[in-house]
Amino acid sequence: MSERWIVDAVLLDMDGTLLDTERVYFDSLVAALDSCGYGDDAAALCHAMIGLPGPVCEAILRERYGAAFPLADVNRTFVATRDRMFAAALPLKTGTLALLDGLADAGCPMAIVTSSSRRTAERHLALAGIRDRFDTLLTLDDVTHGKPDPELYLKAAARLGVRPQACIAVEDSNHGVAAAHAAGTITLMVPDIAQPTAETRGRCAAVLPDLNAVLRLLQERGALARRAL
């Protein structure tokens with residue numbers, strides 16, 4: 001019989017986990033770099049930055065391309081492309097509503113733990129129609145160090161008044177998994193664009209195909225049962 005999990009809260013990444021935004025970010029940044037004359041290795045570089053906070057990505061770009069890199073021009077093009085794509089739709093990942101409904105029905109506390117700014121997180125959750133599902137929202141604005149540092153996850157657990165070791169964390173990226181694991185959570189990964197490395201797999205309690213599978217696993221492990229009674 002599978003080990004039962006005693007879970008006090010579920011901590012959820014946003015981009016690429018609940019919201020299908022990572023592809024938009026990826027395509028927008030590749031397009032911005034290409035339009036400014038930096039398209040040769042843009043895709044590989046952008047792939048390596050998935051899951052990292054914006055300031056870290058900017059530092060990587062400056063280091064890669066040097067002091068003359070036109071960061072302001074790239075940012076303007078990135079934002080214009082991103083916003084044009086989001087204006088069409090901001091879709092949810094498969095199983096998002098089912099997972100959120102299941103957690104709510106079980107009375108399980110949950111929080112958003114994202115490397116995005118608070119302004120971006122508020123806007124995107126509202127556009128996706130799920131902002132009112134969350135009382136607790138931890139963003140890059142709340143910490144000194146973003147993912148892969150564990151600070152966001154440690155603060156989220158503290159905000160909810162629970163131990164990190166009694167939290168499930170759900171992530172889509174290697175950097176996010178590193179942060180959640182370092183905080184001591186039971187870490188689940190639902191890969192989006194970036195597939196898990198061998199090191200990442202070793203940090204995860206499970207790697208799953210979608211959020212429906214996350215909900216099933218939580219139910220199978222009894223993580224929600226004691227609240228549902």
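Let's start inside. The largest nonpolar core holds 59 residues, and Leu12, Leu33 and Leu218 make the most contacts within it. A nonpolar core here is a set of buried Ala, Val, Leu, Ile, Met, Phe, Trp, Tyr and Cys residues joined through side-chain atoms within 4.5 Å. Buried means under 20% relative accessible area, with a 1.4 Å probe and protein chains only.

A word on the source. This is a predicted model: local features need pLDDT of at least 70, side-chain atom pairs count only at pLDDT 80 or more, and totals for chains, interfaces and linings use all residues. Residues are numbered from 1 along each chain as its sequence is written, and side-chain values use heavy atoms, without hydrogens or water.

Back to Leu33. Leaving out residues up to four places away in sequence, Leu33 touches Tyr38, Gly39, Ala42, Cys46, Leu61, Tyr65, Phe69 and Val74. Contact means heavy atoms within 4.5 Å.

Now the cysteines. How many disulfides are there? The count is zero, taking a disulfide as two cysteine sulfur atoms within 2.5 Å. For Cys57, the nearest cysteine sulfur belongs to Cys46, 8.4 Å away. Cys57 counts as buried because its relative accessibility is 13%. For Cys204, the nearest is the sulfur of Cys167, at 16 Å. Cys204 is buried too, with a relative accessible area of 13%.

Terms used:
Buried < 20%, exposed > 50% of the residue type's maximum accessible area, 1.4 Å probe, protein only.
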